[in-house]
Amino acid sequence: SSPPPSSLSASKMNNMEIPRAAPLLLLLLGLASPASALSASSPLVRARVAAATAPAVHASPLLRRLHPPVASAATLQQPDAAASTAAVAPEDEWIARVDLAAFGKECRELGSRLEKGQGEADVKHLKRMILWSNLCGAVGVATMWMKPNFISVMGLSLWTMSRWTMIAHHTCHGGYNKQDDGTGRFTSLGFALGSVQRRAMDWLDWMLPEAWNVEHNQLHHYSLGEDSDPDLVERNLDNLRQMPALLAPVKYLVIAFLTVTWKWFYYAPNTYKQLRMHEMRRNGEEIPSSVDKHDPFTIGKFLPGMASEAPALGYNFVDYMRKVAGPFMLIRFLLLPAPLLLVNPLFFRRAVVNLLLADVMSNLHSFVIIATNHCGDDLYAFQNSVTPKSPSFFMRQVITSVNFRTSNGIRKDGTARPVHGITADANDFMHGWLNYQIEHHLWPQ
C-alpha cells in the first residue's frame, strides 16, 4: 500500500499570533485548560491511527498548509506516491495510516447509538440549564438598579451567554426535536423564530436567530475549515495577521477591541449578510459579482464610502437595525430597565450602565469560549469540500476542532469522571457546553 497521491497536501495551520490571546484569557479566567484537538478528545472519539501498521489506501481528507514550504510546494501536484510522501510534513504522516472507512463507520454507529439514547434525561438537563440561566438573569435584573457592580454585571452576562450557547445553540440544531412536547417551542423550526415576541421570549441577542441558523448550522458546520466557512478565523483576520511583527501591539489592541464588541461589530451583521445571500439563492436570484461571498461584513461597512455589499443584496442600515440589532437594543437597554423610571431615574441610569457593562462582559466571555474552538497551530484547513457524513467529513470535524476541559476531567487511569453533577455542570456551564466541540461537530443534534 502507498499513501494516496496528490490529493494530500497536508500540514497544520500556520501558528497564529492573533488567537493566542483568547486561550490566554481563558486560562486567566480559570475556565479551562486547553486540550489537543486530536489526542485529547474525550473517550467518545478516537482516531483509528495504527502507528505500527502499513499505510492504508483509503481516501484521505484534502488538507492544505496556509503557507506551504517552497521545497514541498513544487511537489504537491506530482502524481507518484514518492513525491506525495515527500510533500507531507512528518507530523502529518499519520493521515496515511488512518483507516478512514472504519473510522467513518464507527462515527456513524456511535452517532446512531447516541441518538437512540436521547430521551427524558436530556429534557431534564435542558430544564436545569434554563433554570440556572434564569437564576443568573433574575440576580442581574433584581440588582441592576444599584451602582455598577460585579454581581449585577456577571448575572446579566451569564444570562445572555447561557441563553445562546447552551439553550439556543442546542435547540436550534434540533437537539430536542424528538423530545418535543407538542408545542414546537424547543425545536429547530420553532425556537426564537418568526416574530420579535418569539425572539424576546426564547433567545434575545444581537444576532437574528434566522440568520444565525443559516450561518452557523448550515455554512459553518458543513464547510468547517474551508474557505466557504464564514467562521474561518485566520481568513477573517488575514489583514491583521499579515501586519509586520513591529505592529504586534496594534494587533493585540485590535483583538482586545474585538473581544468586547464582536457580536454587534461583526457577528450580527455578518450572519445577516449570509441570510440575505441564502434567501437570494432560494429565490433563484444570482448573487451579484460585486459581492465577495466570504468577506466578513462588519458594522463599519454601513459607513459612507465603505463599498458596502448590502445594497447589492437588497438591504441597508435601516433594514438591518429594524430587523436585527434594533429589537435587541430597544428591549435590552431601554424597555427592560424602563420600570425603574417610575421609582427613581437614577436607578434607571444605573441599570443601563450595568446592562452595557454586562454586554461587554458577555462579548468577552463568549469570545473566549467560541473563538478558541477552531483556533490553534495543530488544526487543519482545507481546499475542497467533502460529502457530508462521509469518513473524511467526520475526520475533518476532529482535526479542525478543539476540546477543552470537560466534565470533571480525566482520572489518572485514563477514565472519565461523571459527565454530570454540580461540579461537572458548573464547569461546562461556564464553557457554554462548547468544550465538547469535537463531539458537537460530529453529532450536532
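This is a predicted model: local features need pLDDT of at least 70, side-chain atom pairs count only at pLDDT 80 or more; totals for chains, interfaces and linings use all residues.
Q: Let's start with the whole chain. How many helices and strands does the chain have?
A: There are 16 helices and zero strands. The chain runs to 445 residues, and 51% of them count as buried.

Q: What share of the contacts join residues at least 24 apart?
A: Take the contacts between residues at least 6 apart in sequence: 72% of them join residues at least 24 apart.

Q: How do I read a nonpolar core, and which residues have the most contacts inside the largest one?
A: The general idea is that in soluble globular proteins, nonpolar side chains tend to be buried together. Here the largest nonpolar core has 62 residues, and Trp 203 and Tyr 320 are the ones with the most contacts inside it. Helices 5 (120-143), 6 (150-172), 8 (209-222), 11 (248-282), 12 (317-335) and 13 (345-370) each supply at least two residues of this core. The largest share, 10 residues, comes from helix 6. Apart from this core lies another one, of 17 residues, which includes Val 98, Phe 103, Phe 382 and Val 398.

Q: Which residues is Tyr 320 in contact with, leaving aside neighbours within four places in sequence?
A: Have a look at Trp 264, Ala 268, Pro 269, Tyr 272, Ile 299, Phe 302 and Ala 325.

Q: What about nonpolar groups on the outside: which residues form a nonpolar patch on the surface?
A: Val 139, Phe 150 and Ile 151 do, with about 320 Å² of accessible area together. Phe 150 is found in helix 6. Phe 150 counts as exposed because its relative accessible area is 61%, and the cut-off for exposed is over 50%.

Q: Now a loop. Where is Thr 187, and what does it touch?
A: Thr 187 sits in the loop between helix 6 and helix 7 (196-202). Its relative accessibility is 10%, so Thr 187 counts as buried; the cut-off there is under 20%. The side chain of Thr 187 reaches the backbone oxygen of Gly 184 at 2.7 Å. Not counting residues up to four places away in sequence, Thr 187 also touches Thr 171, Asn 177 and Asp 180.

Q: How should I read phi, and what is the phi of Ala 192 near?
A: In general, most residues other than glycine have a negative phi, and most peptide bonds are trans. Ala 192 has a positive phi, near 65°, and is not a glycine. Ala 192 lies in the loop between helix 6 and helix 7, and counts as buried because its relative accessibility is 1%.

Q: And Trp 433: what is its phi near, and is it buried or exposed?
A: Phi of Trp 433 is near 60°, again a positive value in a residue other than glycine. Its place is in the loop between helix 15 (422-430) and helix 16 (437-442). With a relative accessible area of 11%, Trp 433 is buried. Gly 432, which follows helix 15, has a positive phi near 65°.

Q: Last one, on helix faces: which residues of helix 15 are buried, and what do they pack against?
A: An α-helix has 3.6 residues a turn, so residues three or four places apart point the same way. In helix 15 the buried residues are Ala 424, Asp 425, Asn 427, Asp 428 and Phe 429. The buried residues of helix 15 pack against helix 5 and helix 6.

Technical notes:
Residues are numbered from 1 along each chain as its sequence is written. Side-chain values use heavy atoms; hydrogens and water are left out. A nonpolar core is a set of buried Ala, Val, Leu, Ile, Met, Phe, Trp, Tyr and Cys residues joined through side-chain atoms within 4.5 Å. Buried means under 20% relative accessible area, exposed over 50%, partly exposed in between (1.4 Å probe, protein chains only). Helices (H or I, at least four residues) and strands (E, at least two) are DSSP runs, numbered from the N terminus. Contact means heavy atoms within 4.5 Å. Patches are made of residues with over 30% relative accessible area and no salt bridge: like charges are joined within 9 Å, nonpolar side chains (Val, Leu, Ile, Met, Phe, Trp, Tyr) within 5 Å. Accessible areas come from the Shrake-Rupley method with a 1.4 Å probe; for residues, only the protein chains shown count as cover. A salt bridge is a side-chain nitrogen of Lys or Arg within 4 Å of a carboxyl oxygen of Asp or Glu. A polar contact is a pair of N or O atoms within 3.5 Å; within protein, one must be able to donate a hydrogen and the other to accept it, and residues adjacent in sequence count only if both atoms are side-chain atoms.
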